[in-house]
Structures are given as structure tokens and as C-alpha cells.
Amino acid sequence: MTAPVFVFTPDTIEPADAVASAGPGTILMLTGPEARHAVTVKRLRMQERVDLVDGGGRRLVCEVTGAGVGGAKDRLAVRVLERIEEPTPPLRLTLVQALAKGGRDEQAVETATEVGVELVLPWQSERCVSVWQGAKQAKGRQRWQATALQAAKQARRTRVPAVDEVRDTRALIAWVAQMVQSGGVVLVLHEEARTPISTAMESMRLPAPGTAPLVLAVVVGPEGGISPEETAALEAAGAMTVRLGPHVMRTASAGPVALAVLAHASGLWE
């Protein structure tokens, strides 16, 4: 069984300046909520394996040297066994997810994170029943980010997807145009589209090693679907409307399934 993963930040690792050069034998102390979870929920013991990740591609393979150090339940001492720096993927898988009721949008974020999504954009489309207004915008974004964090840990990922601010359709169209102009690909999932998603990447070239990754995004509408006006505007901005298989999927599953198809087709899962 793979080792549990805990995310550290400069504020929750001691000494913080040792992380940049940490290698086999380095002793570190994890503090805060992640350490408390390791000590009180996972009940980690001496010499058990644990991976510490920074959410941006760095993994420290460790063994526990002390749990609940000094009687504090939020302190976990570890010894580094191996340091792994994962390369940045050439494609930045992105999910543009319309707000949905019943937690289906959060379910989409969770599963997409397990698939390998790097960026999530909440979308307040015309037909959304769920609405983020006022304080709900910040709370909704925080809720999605917490979902992505927990899913990344469950999937043993080193990278935690970023959840961007909610966008209305006008703001999304501007974002799509910007991504396409920079070489990215934006695919709008639509049940009436004729172009299969399997052919959507045929004209896309992977960026050269060492260059910035390109965005590969899928746009998923709400339960009521994407309006014809929104579809036309997204296409005018450079997005491609595609069909995801012969069946109509729910908003919770369409995005993750599409991202899985794209991850495989692009070689990200090789």
C-alpha cells in the first residue's frame, strides 16, 4: 500500500529553510492541521512511511521518527529518505465547471483531481440553478479548493489543483480567447456536437521541453445544458465543441471522463 500524503507549507514545516535542500537524512517537523491529522487520525507510529508534498511537484519520501512530539498532537517528526522533484506536465489540464446543485460540481472537482486536473474554473453560466453571489463566492471557492486538496492527498499527488475565482459567461469568453491565442485548446462538451473528442487533439502540438505548459481545457455546462448563445460565443472565442461518446453524462461525470480521455490521448498517463 502506498504511503499517506500530507501537504506542507513554509508555515507548517520546521525548519522551513531546510526544505529547499532536504535530502536523505534530513530531519523535519510537520506542524499544524496536517500533522494533527497524521497523529490523531492516521495514528502514525515510528518508522512508518509517509510522503510530504508541497502541492507544486515536490515529494519528500520520509519515515516517522516521532509522533506527538513533546505531547503536542500537531507535531510529527520525520526523516527524509528520498527527494523527488516531479517535472511540470507539458499540458495543464483544466476543468471549467458550471455551478451545479446537490454537490455535483464538487463531485466533479474531486474526480477531476484524481484524474490529474491542474486548474479548476468555476463558471456561473446562464442556466445555473446554483448561484454564487456576495460572500458565497469566496465560500464556494474555498469549498472547492478544500475538495481538491483532499482529493489530491487521496490520489497521492504532489500537485494540488488551483481553484480560480468564479467567472460569468462574459469573463469566461475572454479567458477562452486568451488561452487559444497562447496556443491552448478549449473543448466545450455538447451532446449535439458532431466532432468526437478523440479527434480534438490531432492538430495540437505538445510544447517543447523546458517551455511553459499549454492549457488543455474542457468546459462543462450545468444540468440544464449550455445555451445556444453561450455555445456560439465560446466557439467565436476559439473553443471547439465536441461530443463525449454516445451517451449523455451528468455534469458531475462529464468533465472527469473527458479529462481522462485527453490525459490518455496526450500521453500524460504513459
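The model is predicted, so local features need pLDDT of at least 70 and side-chain atom pairs count only at pLDDT 80 or more, while totals for chains, interfaces and linings use all residues. Residues are numbered from 1 along each chain as its sequence is written, and side-chain values use heavy atoms, leaving out hydrogens and water.

Next, display Gln97, whose side chain makes a polar contact with the side chain of Thr251 at 2.7 Å (a pair of N or O atoms within 3.5 Å; within protein, one must be able to donate a hydrogen and the other to accept it, and residues adjacent in sequence count only if both atoms are side-chain atoms). Then show Gly221, where the side chain of Thr251 reaches the backbone oxygen at 2.9 Å.

Now colour helix H6, in which Thr251 lies (helices are DSSP runs of H or I with at least four residues, numbered from the N terminus). Select residues 104-115 for H2 and 251-265 for H6; the two helices pack at about 15°, with axes 7 Å apart (axes are lines fitted to C-alpha atoms over the stretch in contact, and angles run from 0 to 180 degrees between N-to-C directions). H2 is therefore roughly parallel to H6, a term for angles under 35 degrees.

Finally, select Arg104 and Ala108, which are among the H2 residues that meet H6. Both are also in contact with Thr251 (heavy atoms within 4.5 Å).

How values were computed:
Angles under 35 degrees count as roughly parallel, over 145 as roughly antiparallel, 65 to 115 as roughly perpendicular and the rest as oblique. Lists of a residue's contacts leave out its neighbours within four places in sequence.
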